[in-house]
Amino acid sequence: MLIVGAGISGLSCAKHLHDRGIPVCVIDQGYRIGGRCSTRRTYEGEVIADHGAPSFEAKDPEFEDAVSEWIASGICTQWDVDRYQWTDDSLKQENEPSRLYIGTPTMDAIAFHLASGIAVQSGTRVLGLRKKTDGNWCVETESRDGGRSEASCTHVVIATHPREAVRLIGDHSSFLTSTLEHVQTACVWVLMMRIKDPLEGLPVLVEVSEGGDGIIAKIIRDDHKPSRARDTDSSTLVIHACSDWSAANRDLDHDEAQRVLTEQTGLLLPEMLGYEIKDLRIDDVQVHRWGSAHPVEGLPQLCETDDDARIMLCGDAFGWKELALGVQSAWLSGRAAAAVLADGLG
Ligand SMILES: Cc1cc2nc3c(=O)[nH]c(=O)nc-3n(C[C@H](O)[C@H](O)[C@H](O)COP(=O)(O)OP(=O)(O)OC[C@H]3O[C@@H](n4cnc5c(N)ncnc54)[C@H](O)[C@@H]3O)c2cc1C
């Protein structure tokens, strides 16, 4: 069994198959695993920030049980955070703190925990799938140094974002590609910024009311999350751009996106803080574009399979109920895919 994608859905599927004694191999093109639930680091491994999902919610009772286990294992913690809205040029605190969860010490801890004991090959892109005459799959891959190889397997689970899934399926299943046509995803530009200023008075999580010609949607004080090492003289911010602006500027050059978002943050911070920041010193700034950050319209089923083609699909676009529940949806979808596959094999 081969799984393409070591995000939460692919790893959830892998873990649940592994727990049922089914051998599984996971391939991911990323330098590190976790997909959209990962942490940007320097090449030396030093944490920069959680640049994908900053946190997640647990609404489903079975996912809540999984999260409780993660908390007991020390790779996750509850984060009851005071949420603020920036609206009409003022900060308004929501009545109740939001119950969120985060990976500890960083969001990618969850992926590493799920991957424990499983054969995961990162830094390897699946180029395509070819059906062999014996009915099995030949999976063509390319490593970061350009080396190509092939692997053989009976079933393929595609746990990538929908556009990539459609590319990989190609002509092998018109049923699956037409199913994915109904999924729509949103692009989000993310800025990571380390500032030599404690930014006293800036809340840990500020959501900027959408509308108008605003560019910034959310500011998260990444270094103020529980279990993070914090430098009292500096602040690490993760800034999510609005989905409208991100969509309109999808093809912007990275340097230009970084310049615009840095400038906008520099304008917004003094307004939020209510005082001028003299000589805002930026120690480090990086930008990342998530082409398919989250679904804006998904599919109600938890996963989808084409038994004849022996392809299974899972991911956060499945289990859709009005709004995206990101990490929870991905975990539930991967688990559902594993159950269907294990029952079919068993
Ligand atoms: C900016 C941002 C903010 C978010 N905020 C939240 C939030 O607050 N709460 C929440 O619950 N969720 C949030 N999410 C969503 C959450 O991160 C995702 O729902 C979840 O991580 C999706 O997991 P997945 O396994 O379905 O997909 P992914 O994490 O995208 O995993 C797919 C994997 O497939 C790999 N891949 C793709 N193509 C190939 C290929 N050809 N060969 C090999 N590997 C391949 C990728 O490298 C990736 O690792 C956010 C996401 C982003 C980007």
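Start by selecting Ser173 and showing its surroundings: leaving aside neighbours within four places in sequence, Ser173 is in contact with Asp306 and Ala309, where contact means heavy atoms within 4.5 Å. Ser173 lies in the loop between α4 (162–169) and α5 (174–180). With a relative accessible area of 2%, Ser173 is buried (buried is under 20% relative accessible area, exposed over 50%, partly exposed in between, with a 1.4 Å probe and protein chains only). The helix and strand names follow DSSP runs, numbered from the N terminus: helices are H or I of at least four residues, strands E of at least two.

Before moving on, a note on what you are viewing. This is a predicted model in which local features need pLDDT of at least 70 and side-chain atom pairs count only at pLDDT 80 or more, while totals for chains, interfaces and linings use all residues. Residues are numbered from 1 along each chain as its sequence is written, and side-chain values use heavy atoms, with hydrogens and water left out.

Next, pick Asp222, in the loop between β16 (216–221) and β17 (235–241). Asp222 also counts as buried, at 2% relative accessibility. Show side chains here, and you can find a polar contact of 2.5 Å between Asp222 and Arg228 (a pair of N or O atoms within 3.5 Å; within protein, one must be able to donate a hydrogen and the other to accept it, and residues adjacent in sequence count only if both atoms are side-chain atoms). Not counting residues up to four places away in sequence, Asp222 touches Ile48, Ala49, Asp50, Arg228, Thr236 and Val238.

Now switch to cartoon and select helix α2 (residues 61–73) with helix α8 (residues 326–345). Their axes come within 10 Å and cross at roughly 100 degrees; axes are lines fitted to C-alpha atoms, for helices over the stretch in contact, and angles run from 0 to 180 degrees between N-to-C directions. α2 and α8 are therefore roughly perpendicular, the word for angles of 65 to 115 degrees. To see where they meet, show Glu62, Phe63, Ala66 and Trp70 in α2 against Val327, Gln328, Trp331 and Arg335 in α8. The residues of this contact divide into 5 nonpolar, 1 polar and 2 charged.

Finish at the open sheet of 3 strands, ordered β10-β11-β12 with antiparallel pairing. Its edge strands are β10 (124–131) and β12 (148–153), each pairing on one side only; strands pair if DSSP finds at least two bridges between them. 7 bridges join β10 to β11 (residues 137–143). Select Arg125 to see Glu142 of β11 standing opposite.

Definitions and conventions: Parallel < 35°, antiparallel > 145°, perpendicular 65-115°, else oblique. Nonpolar A, V, L, I, M, F, W, Y, C, P; charged D, E, K, R; others polar.
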